[in-house]
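This report describes one protein chain for a reader who is new to structures. Please look at the sequence and the model first, then read on.

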Amino acid sequence: MFKRLALMTALLVSLLAPAGPALAQGSLSDTFSGDELVESGQQFFGSAAQGLASVVERAVSQFGLPNGYILGEEAGGALIVGAKYGEGTLYTRNAGQFSIYWQGPSIGFDIGGDGSKTMMLVYNLSSIQEILGRYPGVDGSAYVLGGFGMTVTKRGNVVVVPIRSGVGARLGINVGYLNFTNQPTWNPF
């Protein structure tokens, strides 16, 4: 059952994700190296960082080097219909740091709740305003305690790859979106 769920999730993510490392080209600024991302992630995730390097390496090999990343925290829950809320900081080379919030609904065969620290790799960001908006995606979860997971969302040319490490109990697969905003809100839509 879990292998089938993982295969379905991988297939859906690969269909939604654009191909090739050419995604790393963005006009906002220089990119971040894999080592820089792992170092920032290890400082942020702390003792839970074991396994982060392999997930970042996989993302970089699939999509290239990002020109931004977000470090933050999120919480969510679902009983067929779900919601997710998060907040963090967007880091860029030339434009600096910005507070960012995200929320979004989901629907699917999904039950449980979780809280996680999140690192999101951001590709093709040509301005800070370009990150704002809705990013549709498919998410699959199967855990009781925690671990690292990676998903892919895309809106226009901007690709966001959330890498999560969290705790909770969650099982299922859902379709939804993340809505990035510059102000917090309780409205998941």
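The structure, which is a predicted model, holds one cavity of 30 Å³ or more. Which residues come closest to its centre? Of the 19 residues in the lining, they are Lys84, Asp139, Asn174, Tyr177 and Leu178. Strand 1, strand 2, strand 3 (133–143) and strand 6 (158–181) are the elements that give two or more residues to this lining. Strand 6 has the largest share, with six residues. By class, the lining of the largest cavity divides into seven nonpolar, seven polar and five charged residues.

**The chain as a whole**

The chain contains three helices and six strands. Along the sequence the order is α-α-α-β-β-β-β-β-β. Of its 189 residues, 48% count as buried.

**How the strands pair**

| Strands | Sense | Bridges |
|---|---|---|
| Strand 1 and strand 2 | antiparallel | 23 bridges |
| Strand 2 and strand 6 | antiparallel | 21 bridges |
| Strand 5 (residues 153–155) and strand 6 | antiparallel | three bridges |

Single bridges can be picked out within these pairings. Lysine 84, one of the residues closest to the cavity centre, has glycine 104 in strand 2 as its bridge partner. Asparagine 174, also among those closest to the cavity centre, lies in strand 6 and is the bridge partner of glycine 108. Lysine 154 stands opposite valine 159 in strand 6.

Two of the pairings are hairpins. Strand 1 and strand 2 have four residues between them, and glycine 96 in that turn has a positive phi of about 90°. The hairpin of strand 5 and strand 6 has two residues between the strands, and there glycine 156 takes a positive phi near 60°.

**Strand 6 and an exception in it**

Is strand 6 mostly buried or exposed? Of its 24 residues, 18 are buried, so strand 6 is largely enclosed by the rest of the structure. Valine 167 lies in this strand but is exposed, with a relative accessible area of 58%; the cut-off for exposed is over 50%. The C-alpha atom of valine 167 is separated by 6.3 Å from that of serine 116, although the two residues are 51 apart along the chain.

Most residues other than glycine have a negative phi. Two residues in this model depart from that pattern. Isoleucine 80 has a positive phi near 70°. Its place is in strand 1, and at 45% relative accessibility isoleucine 80 counts as partly exposed. Asparagine 124 has a positive phi near 65° and sits in the loop between strand 2 and strand 3. With a relative accessible area of 11%, asparagine 124 is buried, because the cut-off for buried is under 20%.

**The second largest pocket**

Strand 1 gives the most, with four residues. The lining of the second largest pocket has five nonpolar, three polar and two charged residues.

**Helix 2**

The last part of this report turns to one of the helices. Helix 2 covers residues 34–45, and its twelve residues should span 16 Å at 1.5 Å a residue; the end C-alpha atoms are 16 Å apart, which agrees. Where do the buried residues of helix 2 lie around its axis? The buried residues are Leu37, Val38, Ser40, Gly41, Phe44 and Phe45. They cover an arc of only 165° around the axis, which puts them on the same side of helix 2. An α-helix has 3.6 residues a turn, so residues three or four places apart point the same way. On the other side of helix 2, Asp35 and Gln43 are exposed. Glycine 46 follows helix 2 and has a positive phi, near 65°.

Technical notes
Residues are numbered from 1 along each chain as its sequence is written. This is a predicted model: local features need pLDDT of at least 70, side-chain atom pairs count only at pLDDT 80 or more; totals for chains, interfaces and linings use all residues. Side-chain values use heavy atoms; hydrogens and water are left out. The expected span of a helix is 1.5 Å times one less than its number of residues. Buried means under 20% relative accessible area, exposed over 50%, partly exposed in between (1.4 Å probe, protein chains only). The arc is that of the directions from the helix axis to the C-beta atoms. Ala, Val, Leu, Ile, Met, Phe, Trp, Tyr, Cys and Pro count as nonpolar, Asp, Glu, Lys and Arg as charged, and the others, Gly among them, as polar. On a 1 Å grid over the protein atoms alone, a cavity is a set of points where a 1.4 Å probe fits but cannot get out, and a pocket is an open set with protein on both sides within 12 Å along at least five of seven lines; lining residues have an atom within 4 Å of a point. Grid points are joined across faces, edges and corners, and a volume is the space filled by probe spheres set on the points. Two strands pair if DSSP finds at least two bridges between them.
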